[in-house]
Amino acid sequence: MDGHNELDLIAESFDPGIIGRLREEEFDQSRSGSDHFDGASGDDQDPVDEDDRPRRKKKYHRHTPSQIQELESFFKECPHPDEKQRLDLSRRLGLETKQVKFWFQNRRTQMKTQLERHENIILRQENDKLRAENGVIKEAMSNPICHNCGGPAIPGQISFDEHQLRIENARLNDELSRICTLAQKFLGRPISNLAAPRSLPSSTAGLDLAMGINGMGCLNAGGSNQLSMGFELGDGVGSSSPVMPLMKPVMGMPNELQHVTDRHVYLELAGEAMDELVRMVQADTPLWMKSSDGGSETLNVELYRTFSCISTRQSGLVTDASRDSCMVIINSLALVETMMDANRWTDMFPTLVARASTIGMISSGPNGTRNGTIQMMHAELQMLSPLVPVRPLKFLRFSKQHAEGVWAVVDVSVDIQQDASSANCRRLPSGFIVQDMPNGYSKVTWIEHSEYNESGIHQLLQPLLRSGIGFGAQRWLATLQRECESLTFLMSSTNPNEVPRGLSMNSKKSMLRLAQRMMQSFCSGVCGSSVRQWDKLCIDNVSDNVRVMVRQSLEVGEPSGFVLSAATSVWMPVSRSRLFDFLRDWQLRGQWDILVSCRPLQAMAQIDKDHGGGNSVSLFSAKGLDANNNNNMLMFQETRTDASGSIVVYAPITSTSSDIMRDVVYEGGDSTYVELLPSGFAILPCVTSDHVKGEGNGSDDGGCLLTVGFQIVCDGGQPTSKLTMHSVKTIIDLISSTIQKIKSALQINDGP
């Protein structure tokens, strides 16, 4: 699947509010006050005479990483400290008061500059959209087309009276469609005795202008529109008979969206879903109940049935509903743009969204904005375990601006009001409300609500999904926080652990693109999504807990042949943090990885994406065992961790790609042709009926769930029909031996 890497998202339009556009010179300058002249720190404030400048060399003062971290943390809470707070900071950090004062001045100036640059980018993009739309309108006006015959339309071919009659006919047809839709909804069966709305017999270009249907209409306001965030919702969505907006015809819309009645059903469904999302954000107890750890909230399902006007619970489906909120370093518009673009949404949540696409546009916002945009989408949601099936979804996504700096995005399955007895999963009104904050952050309140069939899920994973951790609001927000903070760190912070020092921006971009492709390939191999065409193998004497799949590799960037994938999930009686630290430590890698056993490792490149180093991209070199150090092997690795889980993914670089990989690291070359076949681990919290969920930071006594996934090229690349048991046995034995080595290294004894 074609996608953008994390830094490309920033370069195109995704901007976390204060970090600006990707540029090499900005990366060197955005060090959060870590490299400043002494004049900016209060040590060199005297004016310098013009004649003295060539003879006097300005001094530099570089703050330590710990000082920068402390100052950044305080800046997030209070960008304008008073004199007492600056004095306290100067004492704690060993700096002069003037140095602290000027650091905050420089930081605020930097933020202001970046915000202005971001606003300029948005204005330029808006200007380009308006220019393009203007050109399309001019072209349409210069070459009008008759909707009946497809030939050129002749201006003035109908009289004024006929024109008025057609306007009235269009209005009556629209009213008839709305009545049919409402009657069908309340009667629960199709209305066949009413005439279907008929299209206008001639060009509707003039009618659109006369009726005012060229833009997106507003939905009626109804009920209480006061958000708990403290904003009044203008043009809110009411729950009682909202006025349906009239839509523009959209090119390339699928046949299922062409009928006027269907479009009205989708518009009404999206409006009701938005109304329910707002009310669920506002609601408190008893509708929402705090979890035992005091974190996310779970839904009172029985009370929800009387609360919602959309959902009718289907028998045999399990409800998963949760709510959570947090502060994220991203502005509201950037988050909405990311969610409304299928590729950017996938790149922002790579471990959650296997693939996504936009089926058609139901309605677009005025002047190309996202306010009022409704689109139909298809997506596959995944959990990094072969014991949990991928969740295919077909849903509407509706974005709306409720006030200045306050946006909402809601999803709802298109079949929400139909019989879902045979459905694998359906998405009830889910989404978020985001509010811009003055310090560059945004407050995001996320609601995740779905019903799913539990029959295909392994018993080991069922409690985890029932708890809301698997696909709940906590996981979406944790992933969003991690991605935004990683992008901010890459752009605006000094990386003391960077290897080699002074790595160019092009090199970082190329390595991050490669890491993104490696992560997508690993997730596909573990979850079996339709991103790649996997064939599941049913093999005797293989445990049901192990899933074996095969596919033919024809893509650029992968070894050619047939790829065999195997994955399983096991419970480990050890904390998530301990297991993650062990697996990501390249100095301990020889204790479990047979590829580098007894071979000395050396770090060639490392890009940290946070201060702790838990999120990073690395390249290691494993030296050969002979005297001349021949047969050196390169190992590429990415690690990710947040409150919802941790991932370690790695891939050996083939000998044919070693030179390309070195060019990527040192010259910023193209990483497209680096051949990768990744393997790795996913570490998830463990929730069972016998263990109480902890705080989700890996310190719970219930242990954790370890998913192990390997991919290998089959012997000789023979067709699937001729796969030997040797290849299958090799990859299954590799998984088993790796798990046993990890247990031995961590001194874990197998239970009875």
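A charge is said to sit over a ring if NZ of Lys or CZ of Arg is within 6 Å of the ring centre and within 35 degrees of the ring normal. The structure is a predicted model, in which local features need pLDDT of at least 70 and side-chain atom pairs count only at pLDDT 80 or more, while totals for chains, interfaces and linings use all residues. Residues are numbered from 1 along each chain as its sequence is written, and side-chain values use heavy atoms, with hydrogens and water left out.

**Exercise 1. Describe the surroundings of Phe 75, starting from the charge over its ring.**

Step 1: the charged end of Arg 107 sits over the ring of Phe 75, at 5.0 Å from its centre.

Step 2: rings of Phe, Tyr and Trp (its six-membered ring) pair if their centres lie within 6.5 Å, and planes under 30 degrees apart count as stacked, over 60 as edge-to-face and the rest as tilted. By this rule the count comes to 14 aromatic pairs. One of them joins Phe 75 and Phe 104, a tilted pair with 6.1 Å from centre to centre and 35° between the planes.

Step 3: Phe 75 belongs to helix α3 (residues 65–77) and Phe 104 to helix α5 (residues 97–142), so the pair ties together parts that are 29 residues apart in sequence. Helices (H or I, at least four residues) and strands (E, at least two) are DSSP runs, numbered from the N terminus.

Step 4: both Phe 75 and Phe 104 are buried, where buried means under 20% relative accessible area, exposed over 50% and partly exposed in between (1.4 Å probe, protein chains only).

**Exercise 2. Determine which strands pair with β12, and whether β12 is buried.**

Step 1: ten of the eleven residues of strand β12 (residues 442–452) are buried, so the strand is largely enclosed by the rest of the structure.

Step 2: two strands pair if DSSP finds at least two bridges between them. Strand β5 (residues 318–328) pairs with β12 in the antiparallel sense over eleven bridges, and Asp 324 stands opposite Trp 446 in β12.

Step 3: strand β10 (residues 425–427) is joined to β12 by three bridges, again antiparallel, with Arg 427 opposite Ser 450.

Step 4: strand β11 (residues 430–436) and β12 pair in the antiparallel sense over six bridges, and Gln 435 stands opposite Lys 443. These two strands form a hairpin with five residues between them, and Gly 440 in the turn has a positive phi of about 90°.

**Exercise 3. Identify the aromatic cluster that includes Trp 446.**

Step 1: Trp 345, Phe 349, Phe 395, Phe 432, Trp 446 and Trp 476 form one aromatic cluster.

Step 2: for Trp 345 and Phe 395 the ring centres are 6.2 Å apart and the planes are at 75°, so the pair is edge-to-face. Trp 345 lies in helix α11 (residues 342–348) and Phe 395 in strand β8 (residues 391–403), so the pair ties together parts that are 50 residues apart in sequence.

Step 3: Trp 345 counts as buried at 1% relative accessibility, and Phe 395 counts as buried at 1%.

**Exercise 4. Locate a cis peptide bond and a residue with positive phi.**

Step 1: most residues other than glycine have a negative phi, and most peptide bonds are trans.

Step 2: the peptide bond from Thr 285 to Pro 286 is cis, with omega near 10°, and Pro 286 is placed in the loop between α8 (260–282) and β3 (288–290).

Step 3: Asn 367 has a positive phi of about 60° although it is not a glycine. Asn 367 is found in the loop between β6 (353–363) and β7 (373–381) and counts as partly exposed at 45% relative accessibility.
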